Amino acid sequence: MLRDDESDAAVSRRIYEEYVADGRYHALLGPYSSPLTEAAIEVTDSAGMVLVAPMAADPGIWEGRSRRWSVQMLNPGPTYLQGSVELAAGNGATRAALVYEESQFPASVADGVREAARTHGMDIVLDRAYPPAGADHEGLATAAREAGAELFIGGGYLDDAIAFTRAVAAVDYTPMLLSLNLGPAESAFADEVGDLARCVAGNAAWLPTISTTGYIVESRIFVRRYERAGAQQALKGLQVQWQDDGEGGLERRIVHPEAVADAEACFAGGGS
């Protein structure tokens, strides 16, 4: 059974209360996003019912909370953009601007960026949260430019990725690397921003172009089954980037980790 939670945590909680009360279900799949998943888990955990959370990356849902009836499938939020910090640092960047939506999942991604910046000796010269659906995209891009940030990183969801990419261009800011959360991995991102997508990076949970093996299935078999059945894709976190396809267009390429990369990262000014 499928239900529409309207992207509302209260609605999500009510739906899962109804599932539990129904008595016909032995296990449930969680909703999209960390806040809605947390609302669902509070219901299912109390009832002792298994819930598989396929689309919640905030580790705070589980850390120190004795969750016994749920499992996280995505790689944790703090890991999402750490690879981009590593790539930028490896190309000589020493200053980063971190901007992010002030909600559970983007905040967890920001924690990971801070950790990676410390590891790679990078200064965060701008660390700014903004309210959901309330970012001054051009204002934040301008602040990052004025702070001399070579890495502009963070964001929220697809709409913010699109808006920040446009804002950076609008304020004549050219960071060495622009890496944005939840957006650049989607084809809709490049469709919306066009050529501005060139060299923009971000996280992808999984892509069918890499060859992997696992406890259950090889990636090539998984792709075939996914195309037939529409199963969950989220297997492994990657850094992807839009690059020239050699035919006048752009294509999404894997640039990190090195073990599965199919291209070197591109940076502002043509460096790599």
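Arg24 is exposed, with a relative accessible area of 55% (exposed means over 50%, buried under 20%, partly exposed in between, with a 1.4 Å probe and protein chains only). The model is predicted: local features need pLDDT of at least 70, side-chain atom pairs count only at pLDDT 80 or more, and totals for chains, interfaces and linings use all residues. Residues are numbered from 1 along each chain as its sequence is written, and side-chain values use heavy atoms, with hydrogens and water left out.

**Salt bridges**

- The count comes to 13 salt bridges, each being a side-chain nitrogen of Lys or Arg within 4 Å of a carboxyl oxygen of Asp or Glu.
- Side chains of opposite charge can pair when their charged atoms come close.
- Arg24 pairs with Asp22, with 2.6 Å between the closest N and O atoms.
- Asp22 is partly exposed, at 35% relative accessibility.
- Arg65 bridges to Glu38, with the closest N and O atoms 2.4 Å apart.
- Arg65 sits in the loop between strand S2 (50–53) and strand S3 (70–72), and Glu38 in helix H2 (residues 34–47), so this pair ties together parts that are 27 residues apart in sequence.
- Helices (H or I, at least four residues) and strands (E, at least two) are DSSP runs, numbered from the N terminus.
- Glu38 is buried at 13% relative accessibility, whereas Arg65 is partly exposed at 36%.
- Glu146 forms a salt bridge with Arg145, and their closest N and O atoms are 3.7 Å apart.
- Glu146 is exposed at 62% relative accessibility, while Arg145 is partly exposed at 34%.

**Disulfide**

- The model has one disulfide, defined as a pair of cysteine sulfur atoms within 2.5 Å.
- In general, a disulfide is a covalent bond between the sulfur atoms of two cysteines.
- Here the partners are Cys199 and Cys266, with sulfur atoms 2.1 Å apart.
- The torsion about their S-S bond is about -135°, so the disulfide is left-handed.
- Cys199 lies in the loop between helix H7 (187–193) and strand S8 (200–204), and Cys266 in the segment after strand S10 (250–256), so the pair links parts that are 67 residues apart in sequence.
- Both ends are buried: Cys199 has a relative accessible area of 19%, and Cys266 is at 14%.

**Helix H4**

- Helix H4 covers residues 104–119, and its 16 residues should span 22 Å at 1.5 Å a residue; the end C-alpha atoms are 23 Å apart, which agrees.
- The expected span is 1.5 Å times one less than the number of residues.
- The buried residues of H4 include Phe105, Pro106, Val109, Val113 and Arg114.
- Among the elements that cover the buried residues of H4 are H2, helix H3 (82–90), S4, S5 and S6, where contact means heavy atoms within 4.5 Å.
- Gly121 follows H4 and has a positive phi, near 65°.

**Helix H5**

- His137, Leu140, Ala141 and Ala144 are the buried residues of helix H5 (residues 137–146).
- Down the axis of H5, these buried residues fall within an arc of 100°, so they line one face of the helix.
- That arc is taken over the directions from the helix axis to the C-beta atoms.
- The buried residues of H5 pack against strand S4 (95–101), strand S5 (123–130), strand S6 (151–155) and helix H6 (158–170).
- Gly148 comes after H5, and its phi is positive, near 75°.

**Strand S9 and its partners**

- Strand S9 (residues 238–244) has six of its seven residues buried, so the rest of the structure largely encloses this strand.
- S8 and S9 run antiparallel and are joined by four bridges; two strands pair if DSSP finds at least two bridges between them.
- Leu238 in S9 is the bridge partner of Ala204.
- S9 also pairs with S10, antiparallel, over six bridges.
- Leu250 in S10 stands opposite Asp244.
- S9 and S10 make a hairpin with five residues between them, and Gly246 in the turn has a positive phi of about 85°.
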